[in-house]
Amino acid sequence: MRRKFSKGLSIVLALTMAGSLMACAGADDNTTSSAATQQAESKGEGTEAAAASEEADPYGPVAEKITLHVGRSEDTGATYLDGQDSSNNYLVNHISEKLGITFEYDFSVPSDTYETKVSMAITSGEIPDVMVVNESQLRQLVAAGAIEDMSDAYNKYASDNLKAAYDTTKGISFASATFDGKLMGMPSISPGADGIPMLFVRGDWMEELNLEEPKTVEDIVNIVEKFKAEKGTTNGLIVSSKIVSKGGSNTYGIDALFARYNSYPKHFITGADGKIVYGSNTAETKTALEEIRKLVESGVIDSSFVVRDSSTCEELITSGQSGIFFGAWWNMNWPLNGMLSDDPSIFWNCYLAPLADDGKYNTAMISPSANYLVVKAGSSEAVKEAAIKTMNYQFDIDQDQGVSLKADPTDPYSWTTMPFSILLSRYDDKEGKALAALEVINGKKDVSELSGEALQWYESYQAATKDVKSASEANNLFGWSYVRSAGLLGQEVGNMNQIFDASYSRTETMDSKWATLEKLEDETFLKILNGEASIDSFDEYVEQWNALGGSDILAELEALKQ
């Protein structure tokens, strides 16, 4: 099914193009734009119709009080105030009272069984008014004519805050949910920072050994050798068997090493001829495998990485058996800050390294949207209004971390306890909050200008700076950590080559053949890196990948661009 943008979405496109100036991920001239983004921006035509939509209060009560039937994912780890639960808590009740909506959960099941429950509901033909689905389920529902077009409802009822959040995705989110010019689902928005790997190094050891900031692969090798020789570590760069990940947050992966050679495994990128290619199968990836294999052969990466899981890697790091690994921005807090309870003199630094030949940091960017809120076909205007307005509240509440609604600052909070189990953040969320806190820390702004998570991070940073031991004992190092790591991402955005996928879509052939293709890829890469297979086996792997369905997938992705 071809995906286009209609006139009804033109206001979305106008906002997206203007909002791209605000997006920290990919906002400068060096950012590589995805085909999905280009498609989204090129399909808009005239904004007059959408601009003429009847004005509506995005936070006002719905036109008629309704009971909204919801299917949701239950966060079994969430905590509540006494007497409250997922259907009755201060967040749900606030939204309900403000909008005049009664939320009734037709099903609310643990997250690990949620997709199965949704599939069962789709198969039975009995779906609730509103539920969250993955892309394959979205495509299935669209083909069956089972869900509503949300274009007009979004244009009419979405708040400026929610629209600005979608703007930061540069059109990618809406492109993924648009079929034949209709917005058939409201995409989730995840922080792009989750997909940018960072190099973490024991800062106290670097200071003691007078080591400089790493910029190249050679610098990383030097740090490993110094740590082994001077600190007695028995391990080098800590790596797990999950060497790369499309979804980001790949702690103990080596995505950054591949990217240094312009290689982006697991990502569908734009080739030199303008067509979609699979990043795992490029000549650059073959070169990267050859170079990384040298690091394994020299012991910079221990050959036992092929059998290591993340738990084993964590133990090696936190026990002091190594002082260097790649991870995500949030690793500065966990597991690293746990080490300070035993020794407050320990500290870690984070870097964007190794740099590419042009002196910039290469990184693939994750999709901003993983799932979609859909409304059952035949639903009234009131249902669609209720869905969008509930999203308005959920976004604002999460940005504030529920602070303004808490009766006590210690009250539990999680976005998963609100009516819809859909994450609504900003693509530049973490960098933006860290930079806001840094502006106050550096005296450029007053603390009164901070709120929500940015304020929490600032207060934690100040507490840790004053007394890191006391802050550690109070479990209050998170903001100190996040300001440093996410702040670096924000400060260095102009020095990154951010590579967006040509397509983040999942095709029909992927649904049936991806597990086989991914197993082939993972096994081949591990064998090459560990010396069990020659580098020339890469060419055989690419041929097999294409023959087993890869060529069909590439053709399907190309068709979606039309």
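A cavity, as the word is used in these legends, is a set of grid points where a 1.4 Å probe fits but cannot get out. All views are taken from a predicted model.

**View 1. The largest cavity and its lining.**
The largest cavity holds about 210 Å³ of space, and the structure contains five cavities of 30 Å³ or more. Its lining is made up of 26 residues, and those that lie nearest the centre of this cavity are Gly 195, Pro 197, Ser 245, Asp 255 and Ala 364. Helix α12 (255–260) and strand β12 (361–365) each supply at least two residues of this lining. Sorted by class, the lining of the largest cavity has twelve nonpolar, eleven polar and three charged residues.

**View 2. The largest pocket.**
The largest pocket has about 640 Å³ of space and is lined by 25 residues, among which Lys 246, Gly 247, Ser 367, Tyr 504 and Arg 506 lie nearest its centre. Helices α6 (135–143) and α20 (508–530) each contribute at least two residues to the lining, and α20 gives the most, with three residues. By class, the residues lining the largest pocket divide into ten nonpolar, nine polar and six charged.

**View 3. The second largest pocket.**
The second largest pocket has a volume of about 370 Å³, and of the 18 residues that line this pocket, Ser 73, Tyr 114, Val 132, Asn 371 and Ser 421 are the closest to its centre. At least two lining residues come from each of β1 (66–74), α5 (111–124) and β3 (130–134). The lining of the second largest pocket comprises seven nonpolar, eight polar and three charged residues.

**View 4. The five-strand sheet.**
Five strands form an open sheet in the order β2-β1-β3-β13-β6, and their pairing is mixed. Strands β2 (101–110) and β6 (186–187) stand at the edges with a single partner strand each, so one side of each is left without a neighbour in the sheet. Within this sheet, β1 and β3 pair in the parallel sense over two bridges, and Gly 71 stands opposite Met 131 in β3.

**View 5. Strand β10 and its partner β7.**
Strand β10 (residues 324–327) is covered on both faces, with Ile 324 and Phe 326 buried on one side and Phe 325 and Gly 327 buried on the other. In a regular strand the side chains alternate between the two faces of the sheet. Strand β7 (residues 198–202) runs antiparallel to β10 and is joined to it by four bridges, with Leu 199 standing opposite Phe 326 in β10. One aromatic cluster is formed by Phe 200, Tyr 252, Phe 325 and Trp 348.

**View 6**
In the pair formed by Phe 107 and Tyr 114, the ring centres are 6.2 Å apart and the planes are at 45 degrees, so the pair is tilted. Both partners are covered, since Phe 107 is buried with a relative accessible area of 9%, while Tyr 114 counts as buried at 7% relative accessibility. The rings of Trp 329 and Tyr 482 have their centres 4.9 Å apart and their planes at 65 degrees, so this pair is edge-to-face. Because Trp 329 lies in the loop between β10 and β11 (348–351) whereas Tyr 482 lies in helix α19 (residues 478–491), the pair ties together parts that are 153 residues apart in sequence. Trp 329 and Tyr 482 are both buried. In a separate contact, the charged end of Arg 484 sits over the ring of Trp 480, 4.5 Å from the ring centre.

**View 6. Helix α8 and its burial.**
Helix α8 (residues 160–167) is mostly covered, as six of its eight residues are buried. The buried residues of α8 are Leu 162, Lys 163, Ala 164, Ala 165, Tyr 166 and Asp 167.

Leu 554 and Tyr 278 are 276 residues apart along the chain, and their C-alpha atoms are separated by 7.8 Å.

Conventions
Residues are numbered from 1 along each chain as its sequence is written. This is a predicted model: local features need pLDDT of at least 70, side-chain atom pairs count only at pLDDT 80 or more; totals for chains, interfaces and linings use all residues. Side-chain values use heavy atoms; hydrogens and water are left out. Buried means under 20% relative accessible area, exposed over 50%, partly exposed in between (1.4 Å probe, protein chains only). Two strands pair if DSSP finds at least two bridges between them. Rings of Phe, Tyr and Trp (its six-membered ring) pair if their centres lie within 6.5 Å; planes under 30 degrees apart count as stacked, over 60 as edge-to-face and the rest as tilted. A charge sits over a ring if NZ of Lys or CZ of Arg is within 6 Å of the ring centre and within 35 degrees of the ring normal. On a 1 Å grid over the protein atoms alone, a cavity is a set of points where a 1.4 Å probe fits but cannot get out, and a pocket is an open set with protein on both sides within 12 Å along at least five of seven lines; lining residues have an atom within 4 Å of a point. Grid points are joined across faces, edges and corners, and a volume is the space filled by probe spheres set on the points. Ala, Val, Leu, Ile, Met, Phe, Trp, Tyr, Cys and Pro count as nonpolar, Asp, Glu, Lys and Arg as charged, and the others, Gly among them, as polar.
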